[in-house]
Amino acid sequence: MITTATPDSKTPTQEYIEFSEKYGTPNYHPLPVVVSEAKGVWVKDPEGCKYLDMLSSYSALNHGHRHPEIIKALVDQAKKVTLVSRAFHNDQLGLFLKELSELTGFPRALPMNSGAEAVETAVKTARKWGCLKKGLPQEKAEIIVAANNFHGRTVTIVSFSSDEQYRKDFGPFTPGFKIVPFGDAEALKAAITTSTVAFLVEPIQAEAGILIPPPGYLQKVREICTQNNVLLMLDEIQTGMGRTGKMFAFEHEGIRPDVLILGKALGGGAMPVSAACASDEILGVYKPGDHGSTFGGNPLACAVARAAIRVLKSENLVERSAQMGEYLMGRLRSLKSGYVKEIRGRGLLVGIELHPAAGGARRFCEDLMRRGMLCKETHEHVIRLAPPLVITEKEIDWAFSRLKKVLGT
Ligand SMILES: *Cc1c(COP(=O)(O)O)cnc(C)c1O
């Protein structure tokens with residue numbers, strides 16, 4: 001759906017892309033589409049072409065674009081007060097924390113903005129907990145993580161990435177992390193020492209290509225952590241808030257983590273809102289001045305996050321995610337394609353892994369874009385489908401007809 005133009009008359013799309021390539025930093029490789037308007041599952045470019053958003057900003061748009069109740073909360077709050085810092089209280093933070101506690105079942109939370117900040121918060125919390133509650137000496141705490149993890153982009157977080165590109169040229173790194181294979185509970189058990197304070201893991205590795213661990217993995221991991229007095233910290237920034245057909249992915253195995261890390265859809269697609277949620281004992285290790293964020297817990301973000309939580313419940317988006325996910329998987333399984341190696345998914349978090357001979361997922365995503373459907377390759381060979389949870393069967397059929405044209409044989 002790229003509009004053609006003569007050499008001296010650029011389309012708005014071409015001009016906007018040129019500016020961001022000229023004045024920005026080449027740390028992304030976006031599809032050549034400019035979004036200038038959006039509503040629900042649909043977005044529009046400046047030339048008026050419509051696209052179905054099958055990525056949802058990596059699950060930050062679970063509620064769809066510009067959900068009316070979330071936008072109303074944003075606008076109403078913007079007219080009252082937007083920021084006070086944590087030097088003073090505000091009238092939204094306490095209500096947000098209370099409603100978040102009711103949602104997660106964790107008595108306390110520490111609010112931040114980006115997902116990476118919430119992961120950093122969890123790391124700092126586990127280390128401090130290790131010193132205060134396990135009696136570890138200073139600078140000895142060790143955190144175990146899984147290979148192929150994605151937890152964000154700060155120096156500390158890439159310190160424990162197993163992806164060469166995320167680390168190369170960015171050292172020196174933060175010590176105190178150990179990597180074990182994902183999905184292998186015995187490897188975790190073997191890696192634990194008296195210095196281990198936490199195991200940090202995603203319940204489903206989304207960025208790694210929608211990797212679902214073997215059944216029972218989280219239960220075993222939970223047991224091992226409990227037996228060794230090690231905190232289980234689940235990064236549900238992408239899998240949480242209904243994405244996998246449960247409010248949180250840990251519910252699929254009937255366990256609870258010690259620390260739950262949330263972000264992305266917690267901000268309703270409108271504000272960066274993240275949090276680390278845990279018990280009194282764990283978050284009680286902090287005293288004033290230990291940690292913080294100027295924007296964390298600001299009233300605008302809190303009002304939006306409260307609406308995001310409300311809408312998830314009032315519109316039964318978790319059930320929708322389970323139902324629509326099943327419907328989408330059913331359609332995908334009927335796909336006859338020589339390119340497809342495996343289809344994996346839980347709820348509306350779905351990965352289509354292509355055979356290496358298909359030449360990479362990128363060209364298929366570009367082809368889908370030209371046919372009005374937006375999705376993105378994850379790593380080289382996986383097409384990730386993660387539409388807003390408000391998507392309908394009819395819209396899934398529409399997307400599937402495009403996928404069939406592009407992948408079908
Ligand atoms: C997106 C993501 C992060 C990082 O969140 P940012 O808001 O980009 O910092 C961390 N962990 C997981 C699992 C994610 O999907």
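Helix H4 (93-104) and strand S4 (108-112) each contribute at least two residues to the lining of the second largest pocket. Helices (H or I, at least four residues) and strands (E, at least two) are DSSP runs, numbered from the N terminus. The model is predicted: local features need pLDDT of at least 70, side-chain atom pairs count only at pLDDT 80 or more, and totals for chains, interfaces and linings use all residues. Residues are numbered from 1 along each chain as its sequence is written, and side-chain values use heavy atoms, with hydrogens and water left out.

**Pocket**

The volume of the second largest pocket is about 660 Å³. Of its 25 lining residues, Arg86, Ala109, Leu110, Pro111 and His291 are the closest to the centre. S4 gives the most to this lining, with five residues. Sorted by class, the lining of the second largest pocket holds twelve nonpolar, nine polar and four charged residues. Here Ala, Val, Leu, Ile, Met, Phe, Trp, Tyr, Cys and Pro count as nonpolar, Asp, Glu, Lys and Arg as charged, and the others, Gly among them, as polar. A pocket is an open set of points, on a 1 Å grid over the protein atoms alone, where a 1.4 Å probe fits, with protein on both sides within 12 Å along at least five of seven lines; lining residues have an atom within 4 Å of a point. Grid points are joined across faces, edges and corners, and a volume is the space filled by probe spheres set on the points.

**Ligand site**

Around the ligand are Ser114, Gly115, Ala116, Phe150, His151, Gly152, Glu202, Asp235, Ile237, Gln238 and Lys264, each with a heavy atom within 4 Å of it. This shell divides into three nonpolar, five polar and three charged residues. Side chains that make polar contacts (pairs of N or O atoms within 3.5 Å) include those in the table.

| Residue | Ligand atom | Distance |
|---|---|---|
| Aspartate 235 | nitrogen | 2.7 Å |
| Glutamine 238 | oxygen | 2.7 Å |
| Lysine 264 | oxygen | 2.6 Å |

The ligand on its own has 380 Å² of accessible area, and the protein covers 80% of that. Accessible areas come from the Shrake-Rupley method with a 1.4 Å probe.

**Sheet**

An open sheet of four strands has the order S1-S2-S3-S13, with mixed pairing. Its edge strands are strand S1 (37-39) and S13, each of which pairs on one side only. Two strands pair if DSSP finds at least two bridges between them.

S1 and S2 are antiparallel and share three bridges; glutamate 37 has lysine 44 in S2 as its bridge partner. Strand S2 (residues 42-44) also pairs with strand S3 (residues 50-53), again in the antiparallel sense and over three bridges. Valine 43 is bridged to tyrosine 51 in S3. S2 and S3 form a hairpin with five residues between them, and glycine 48 in the turn has a positive phi of about 95°. Aspartate 53 has leucine 374 in S13 as its bridge partner.

**Backbone features in loops**

Serine 85 is not a glycine, yet its phi is positive, at about 65°. Serine 85 belongs to the loop between helix H3 (68-78) and H4. Glycine 171 and proline 172 are joined by a cis peptide bond, with omega about 5°. Proline 172 sits in the loop between helix H7 (164-167) and strand S6 (177-180).

Key
A polar contact is a pair of N or O atoms within 3.5 Å; within protein, one must be able to donate a hydrogen and the other to accept it, and residues adjacent in sequence count only if both atoms are side-chain atoms.
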